[in-house]
Amino acid sequence: MKDKYLKELLQQVSGGDMTVEEAAEKLRSLPYEELDFAKVDNHRTLRTGYPEVVFCEGKTPEQTAEIFSALCEKSQRVMGTRASEADFAAVTEKFPGARYHKEARIIEIDRRESTDRNEPEDGAFDIAVVTAGTADIPVAEEAAVTAEIMGRTADRIYDVGVSGIHRLLDNIDRIKAADVVIAVAGMEGALASVIGGLIDNPIISVPTSVGYGSNFEGLSALLCMLNSCASGVSVVNIDNGFGAAAFAVSVLDMADKKRK
């Protein structure tokens, strides 16, 4: 952000030559911050409502920590996905208050005055995160933690796959109570279709790489979910709990805006 550009913008608003809304629109497209190895988008919150998220996998811990530092200059909330404990150690050297969600592999920094998670009203959660098996929980935790960081509540309903369908039926009322369902499953990925045939909530299905050889590291689950005969089922990429949560939150936020 250039000081001259910003001052000129403020002067135009102050002089009545530009409206506040027009200035806000210009701020949405201000330049990113240039690092030697990354271009940090500090204005993503203005455009999308959420800060840029750091995908830590493939970066060195030092690179991850430097990107966190750049983002924290402009945002009170920063998160990183696919983070290792080495990434977390590097980040905590700069930000001792950072939090590591080990199973989700998410680093979270929240420096707002109130960092309490939202509590469900009347026991009804915004999102139900459902897994077929225990092995799918890491992907589900990525989804649940992401949703919570983005200000939504998540009900975790784990290990209710179709091989013991009575477990799913015993929990169907909890699943129905949520506004959006994230169904996480590996193997043949049938969980999303079964839930889709029982409820009218939007369902975001996440295929996981859990399974034996013919699962092809999640490809069979992905194809099964894409070919679901149940209506109202969408699909994200293999193991992409973050993407599922981000989409679920967008759906909920849009519904809230429509109600207003």
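Student: How do the residues lining the second largest pocket divide into nonpolar, polar and charged?
Tutor: In this predicted model, that lining has 5 nonpolar, 2 polar and 6 charged residues.

Student: Which residues lie nearest the centre of that second largest pocket?
Tutor: Arg-82, Arg-105, Pro-138, Val-139 and Asp-239 lie nearest the centre, out of 13 lining residues. The volume of this second largest pocket is about 170 Å³.

Student: And what about the largest pocket, how much space lies in it?
Tutor: The largest pocket holds about 210 Å³ of space. Its lining is made up of 17 residues, and those nearest the centre are Ala-132, Gly-133, Gly-161, Met-187 and Glu-188.

Student: How many residues of each class are in the lining of the largest pocket?
Tutor: The lining of the largest pocket contains 8 nonpolar, 5 polar and 4 charged residues.

Student: Moving on from pockets: how many cavities of 30 Å³ or more does a search of the whole structure find?
Tutor: The search finds 2 such cavities. The largest cavity has a volume of about 100 Å³.

Student: Which residues line the largest cavity?
Tutor: The lining includes Tyr-50, Pro-51, Glu-52 and Val-53, together with Arg-77, Val-78 and Met-79. Glu-108, Ile-109, Asp-110, Ile-149 and Met-150 also line the largest cavity. Strand 4 and strand 6 (106-110) are the elements that give two or more residues to this lining.

Student: How does the lining of the largest cavity divide by class?
Tutor: There are 8 nonpolar and 4 charged residues in the lining of the largest cavity, and no polar ones.

Student: Is Thr-81 buried or exposed?
Tutor: Thr-81 is buried, because its relative accessible area is 5%, and buried means under 20%.

Student: Why does Tyr-100 count as buried?
Tutor: Tyr-100 counts as buried because its relative accessibility is 18%, and the cut-off is under 20%.

Student: What about helix 4, how far does it reach from its first C-alpha to its last?
Tutor: Helix 4 (residues 61-72) has 12 residues and reaches 16 Å, close to the 16 Å expected at 1.5 Å a residue.

Student: Which residues in helix 4 are buried?
Tutor: The buried residues of helix 4 are Thr-64, Ala-65, Ile-67, Phe-68, Ser-69, Ala-70, Leu-71 and Cys-72.

Student: Finally, how many helices and strands does the protein chain have?
Tutor: The protein chain has 11 helices and 11 strands. Of its 260 residues, 45% count as buried.

Notes: Residues are numbered from 1 along each chain as its sequence is written. This is a predicted model: local features need pLDDT of at least 70, side-chain atom pairs count only at pLDDT 80 or more; totals for chains, interfaces and linings use all residues. Side-chain values use heavy atoms; hydrogens and water are left out. Buried means under 20% relative accessible area, exposed over 50%, partly exposed in between (1.4 Å probe, protein chains only). Helices (H or I, at least four residues) and strands (E, at least two) are DSSP runs, numbered from the N terminus. The expected span of a helix is 1.5 Å times one less than its number of residues. On a 1 Å grid over the protein atoms alone, a cavity is a set of points where a 1.4 Å probe fits but cannot get out, and a pocket is an open set with protein on both sides within 12 Å along at least five of seven lines; lining residues have an atom within 4 Å of a point. Grid points are joined across faces, edges and corners, and a volume is the space filled by probe spheres set on the points. Ala, Val, Leu, Ile, Met, Phe, Trp, Tyr, Cys and Pro count as nonpolar, Asp, Glu, Lys and Arg as charged, and the others, Gly among them, as polar.
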